[in-house]
Each structure stands twice: as structure tokens, then as C-alpha cells.
Amino acid sequence: MSEDFLAVKESLDIIDVAQHYGVHIVKGNKAHCPFHNDRTPSLSFYEGNRKYHCFSCGAHGDVIDLVQRLLNISSKDALQELNNTYRLGLSLDTPFSSEKVRKAILRRERLQREKMLFQQWETSSYRILSAYFRTLQEWGEKYAPSHPGDPLHPRFIEALHRIDYIEYLLDTVYINGTKEEKDDFFRSHERLIRAIEQRLIREGVFYAGGNGAGFNTITTIQPIVQSDIRFKAAA
């Protein structure tokens, strides 16, 4: 059983687990301690997001200890709960295997890398859409027709058709969206955001961060004109 505990501890990011069970994480990997009336965030996570400690009430431990206390269950039940919830695929109570622990460590490292890349993509995509929104605002003012009947500039038309949708994405997804909503959006709209990025590059528009790393591997960037159906459908 001891190697099962070790495998679970090495597999999971304790911050992700804490959030899953209702602990609100604030800046600096801290939280209001759920084990006492905590007015200021006194619970900290450390050792590569594998342990926690409360500097007010003294509660401390690893991911299994945390779930055990949060759910008021035994450590064995906490082990089973995490194995089932996160689909770790551990055959509990089997003979000791160092391979089980090694795979758990590799899994945690892989998840940490994916989390880091996802955070980079979230930041990069926000900067791309923010820069595009500002560009559309400028185009809407600069290329607005001076007199009724004047031909409409393509950039003015683009601003007219797309600015409301881009503003909706920034407000609804990036500012007010839940983690799950952001996750779904980033995974399903990378081609759209990359197309916008290419549009900014062609226009010579600078945006902070430059060409950030995408969450998925995209080998083909569709021109933005091919993404019009996405804009119109969501507008």
C-alpha cells in the first residue's frame, strides 16, 4: 500500500486537487485555510505543488492528507478517491513496483509541462485578441466614411463586423470565464486566434509577447477570410 500512496502523491498537483475540492487559490499559491476561520490567506503550497502548510492553525501534509481532511475520510479512502477521480489507473494493494512510482513521477512532470504551456497560450492569445480589438477600434475611426454614399473601406467593414465579437470574447471568456470555459475555448479556437495573429503580422501591428506558443500543434494557419463563418456564427 505504501507505494500506492507514493504513486498518487507523485502524480498529482496539490493545487489542482485543492481547487477541485473547493479551495480557492489566490496569488502566490496561497489560500484561505479550510480548516479554521481564516481571515487572511495563511495556507501555502510548496515543494513543487506537492505539500501544503497553514501558518495559522498548523495544518500540513500532502495531497492525500488534504483530501482526507477536506472530505473527512480515511487515508485509504482518500487514496481510492483520488485514484478514481483523476483516473490514475492504479491497481491498489498490488505487490510493490518501482515502475508504478516512476510512471507517477513522469505523469506529474508531463501534466506540469502541459499546464505551463497552457498558461503561456492563455496569455499569448489574450494579447493577440486585445491587439486586434485595439486595431479594429482604430480602423473604425480612421476609415469611417466622411460623407453618406462614400465607398466603405475594407478595414472599416472588418471593424464593423468583428469588433463586437472580439470584445465579447475578451469580456466573456478571458475576464469572466471559468477555467473549464477557457479550456474549451482555447482548445477549439486556436486556429481562429492564430489566423488573427497572422492578420496582425501582415498589418505590422505590434503586440506584447510576440508570437507565443500555442497549446496545440498547428501546422496550417488558415487566412482570416476563411474564418469569417466563425465570426458571423458567434456574433
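# Briefing on a predicted helix-and-strand protein model

Strand β2 (residues 30-31) and strand β3 (residues 43-46) run antiparallel and are joined by 2 bridges. The structure is a predicted model. The protein contains 9 helices and 5 strands, and its elements follow the sequence α-α-β-β-β-β-β-α-α-α-α-α-α-α from the N terminus on.

- Of the 235 residues in the protein, 39% are buried.
- The protein exposes about 13600 Å², and carbon and sulfur atoms supply 51% of that area.
- Among contacts in the protein with a separation of 6 or more, 59% come from residues 24 or more positions apart.

**The sheet**

- Strands of a sheet pair through backbone hydrogen bonds, in either a parallel or an antiparallel manner.
- The 5 strands here form an open sheet in the order β1-β2-β3-β4-β5, and the pairing is antiparallel.
- β1 (25-26) and β5 (60-62) stand at the edges with a single partner strand each, so one side of each has no neighbour in the sheet.
- β3 and β4 are paired in the antiparallel sense over 4 bridges, and F45 has Y52 in β4 as its bridge partner.
- A hairpin is formed by β3 and β4, with 4 residues between them. In its turn, E47 has a positive phi of about 55°.
- Strand β4 (residues 51-54) runs antiparallel to β5 and is joined to it by 3 bridges. The bridge partner of K51 in β5 is D62.

- Two packed helices are described by the angle between their axes and by the distance between the axes.
- The axes of α3 and helix α4 (residues 75-85) cross at roughly 105° and come within 9 Å.
- On the α3 side, the contact is made by V63, I64, V67, Q68 and L71, and on the α4 side by S75, A78, L79, E81 and L82.
- The residues of the contact of α3 with α4 comprise 7 nonpolar, 2 polar and 1 charged.

**The pair α6 and α7**

- Helix α6 (residues 154-175) packs with helix α7 (residues 179-188) at an angle of about 125°, and their axes are 8 Å apart. That angle makes α6 oblique to α7.
- From α6, L169, V173 and Y174 meet K182, F185 and F186 of α7.
- In the contact of α6 with α7, 5 residues are nonpolar, none is polar and 1 is charged.

- Helix α8 (residues 190-203) contains E197.
- E197 counts as buried because its relative accessibility is 2%, and the limit for buried is under 20%.
- The C-alpha atom of E197 is separated by 9.1 Å from that of A131, although the two residues are 66 residues apart along the chain.

Methods
Residues numbered from 1 in each chain as written. Predicted model: local features only at pLDDT ≥ 70, side-chain atom pairs only at ≥ 80, totals over all residues. Heavy atoms only, no water. Axes fitted to C-alpha atoms, helices over the stretch in contact; angles between N-to-C directions. Parallel < 35°, antiparallel > 145°, perpendicular 65-115°, else oblique. Contact = heavy atoms within 4.5 Å. Nonpolar A, V, L, I, M, F, W, Y, C, P; charged D, E, K, R; others polar. Pairing = 2+ DSSP bridges. Buried < 20%, exposed > 50% of the residue type's maximum accessible area, 1.4 Å probe, protein only. Areas by Shrake-Rupley, 256 points an atom, 1.4 Å probe, with all protein chains shown as cover.
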